[in-house]
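Please open the model in a viewer and keep the selection tool at hand. The stops below go from one selection to the next.

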Amino acid sequence: ILTVSGDGTARLWDVSSGAMIAVLQGHVSIVVAADFSADSERVVTASWDGTAQLWNAVDGKPRALLHGHENTIASVASSPDGSKLVTASAPGPVR
């Protein structure tokens, strides 16, 4: 399970035990959206800090920090094949 938080983090949880696997720390503002890649090996998070971050879903380590929006990012999604990410900021654009 993947959750986002107003404290600037996201958290990975084990479904069977309910134990927390990792805290994804690196954003400097509220994390508002997150998505698993299709293979469940990566996680992408989106924040009001205007960045998206790519993480290793197994150990919670950061893989990439994505810049490009001038405003807050409101949503994020991974493509079905895992090769692309899409982010949308408020009031736009989509990248």
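**A tour by selection**

Start with Ser40, which lies in the loop between β4 (31-36) and β5 (42-47); strands are DSSP E runs of at least two residues, numbered from the N terminus. This is a predicted model, in which local features need pLDDT of at least 70, side-chain atom pairs count only at pLDDT 80 or more, and totals for chains, interfaces and linings use all residues. Residues are numbered from 1 along each chain as its sequence is written, and side-chain values use heavy atoms, with hydrogens and water left out.

The phi of Ser40 is near 60°, a positive value in a residue other than glycine. Most residues other than glycine have a negative phi. Ser40 counts as partly exposed because its relative accessibility is 42% (buried is under 20%, exposed over 50%, partly exposed in between; 1.4 Å probe, protein chains only).

Next, select β4 and β5, which pair in the antiparallel sense over five bridges (strands pair if DSSP finds at least two bridges between them). Ala33 has Ala46 of β5 as its bridge partner.

Finally, select Leu2, Ala10, Leu12, Ala22, Leu24, Val43, Trp55 and Ala57, the eight residues of the largest nonpolar core (buried Ala, Val, Leu, Ile, Met, Phe, Trp, Tyr and Cys residues joined through side-chain atoms within 4.5 Å). β2 (9-13) and β3 (20-25) each supply at least two residues of this core. A second, separate core has seven residues, among them Val44, Ala46, Ala52 and Ile73.

How values were computed. Helix = DSSP H or I, 4+ residues; strand = E, 2+ residues; numbered from the N terminus.
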